[in-house]
Amino acid sequence: MLNNIIDRIKLPFRKDKELYLALEEIIGFLPHHIAYYKLALMHKSIGHRGPIEPVKDSKKGKGGKNGNQPKGKKLNNERLEFLGDAILDAVVGDIVYNHFPGKPEGFLTNTRSKLVQRETLGKLAQEVGLSRLILSSGRSASHNSYMGGNAFEALVGAMYLDRGYDACMKFMQERILGRYINIDKMAYKEVNFKSKLIEWTQKNRIQLSFRLEDQSKDQNGSPTFKYTVVLETIDGSTGTGFSKKESQQHACEETLKRLKKDSAYLDSIFAAKTERTKMEEEPVLNVPDTEVKKDDFIVANEPIEAPEVNDEVLTEKEEQANQLEQLETSIDQEMDLSDVSAEPQEMSREDIIAAAEAEAYEENLDKEQNEN
């Protein structure tokens with residue numbers, strides 16, 4: 001409290017009175033050591049060699065008058081930006097943790113990242129009037145969104161070195177969250193439009209790609225990018241930015257809006273998906289045979305297959321063959337001609353007559369016996 005009174009008394013005699021008053025309007029108090037804040041407002045595009053930030057006295061917590069680093073080293077706000085980024089993470093994490101009791105870690109992390117992301121800080125720098133105090137070259141003026149965010153982090157780093165952690169916490173609670181940010185709305189607002197669109201396409205199995213339309217430089221020589229979202233084969237919205245990420249975010253944001261409002265656009269995307277999946281599901285034809293086939297009009301002599309023979313029929317035929325063989329054997333035995341001469345015997349006329357008479361006599365005798 002006493003320091004604030006002393007700073008107020010000294011103000012009329014300050015060399016940088018206007019800067020003191022401008023910073024007081026932004027941070028809510030008069031700086032003790034203006035050198036930290038001057039360095040926080042110095043963009044690397046005009047970093048110069050000369051007097052730089054005072055070294056903080058570890059015992060008293062004040063900037064030493066003779067603690068400047070040697071001349072000749074190029075100065076800018078990048079070191080303070082690094083420090084302020086870490087302090088912002090701690091301060092905002094503390095605020096979010098106490099503002100949302102019972103919420104899980106993932107929710108708290110996501111909310112903190114929304115509050116400290118570069119785009120949010122760039123808008124805050126513009127709203128509080130910090131952007132107009134930044135010292136930079138005209139060539140980088142088109143990148144005020146990034147310059148502002150970087151300067152905002154550097155400003156928090158300067159406050160931490162000048163007044164400590166409590167001053168940074170008070171600044172964020174009273175000057176930022178209390179005036180410019182509704183933490184509840186920010187927590188439940190989706191700001192990563194590219195992630196949101198990717199999630200939607202994956203759930204609906206839609207092919208997503210980005211087509212680079214243009215990559216050039218603006219009138220100040222700063223690079224610019226223009227990307228178009230392509231869903232299946234249908235062009236979506238186009239976004240422009242000073243980086244690939246920024247331009248794709250803008251393109252995704254506009255594409256999501258179009259998907260919600262334009263039903264014909266949505267239908268065309270699913271029609272293209274249906275056509276693609278239909279082509280993918282069509283059966284693949286077999287690979288043609290490379291062998292030369294015979295002409296259809298030539299009839300080949302096919303081998304005649306033997307008819308199938310029943311086992312029972314085969315057994316019966318075998319039995320008949322055996323019986324026939326046995327019969328032939330018995331006949332051969334009954335008609336044994338081994339003792340029959342092969343040469344014919346000659347008979348005289350008298351023998352023939354005698355044999356005939358004898359045969360006739362025997363026949364008459366047999367006849368008489370039968371009659372009696």
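How many residues lie between β1 and β2 in their hairpin, and which turn residue has a positive phi? Five residues separate the two strands, and Gly-221 in the turn has a positive phi of about 85°.

This is a predicted model, in which local features need pLDDT of at least 70 and side-chain atom pairs count only at pLDDT 80 or more, while totals for chains, interfaces and linings use all residues. Residues are numbered from 1 along each chain as its sequence is written, and side-chain values use heavy atoms, with hydrogens and water left out.

Select 208-217, strand β1, together with β2: the strands are antiparallel and joined by nine bridges. Helices (H or I, at least four residues) and strands (E, at least two) are DSSP runs numbered from the N terminus; two strands pair if DSSP finds at least two bridges between them. Gln-215 faces Phe-225 of β2 across this pairing.

Next select β2 itself, residues 223-231. Seven of its nine residues are buried (buried is under 20% relative accessible area, exposed over 50%, partly exposed in between, with a 1.4 Å probe and protein chains only).

Leu-231 is opposite Ile-234 in β3. Two residues lie between the strands of this hairpin, where Glu-232 has a positive phi near 60°.

Move to Gln-248 in helix α11, residues 244-261. Gln-248 is buried because its relative accessible area is 10%. Beyond its neighbours within four places in sequence, Gln-248 contacts Lys-194, Phe-210 and Tyr-227 (contact is heavy atoms within 4.5 Å).

Finish with the cysteines. Cys-168 is buried at 1% relative accessibility, and Cys-252 is buried at 0%. With a disulfide taken as a pair of cysteine sulfur atoms within 2.5 Å, the count is zero.
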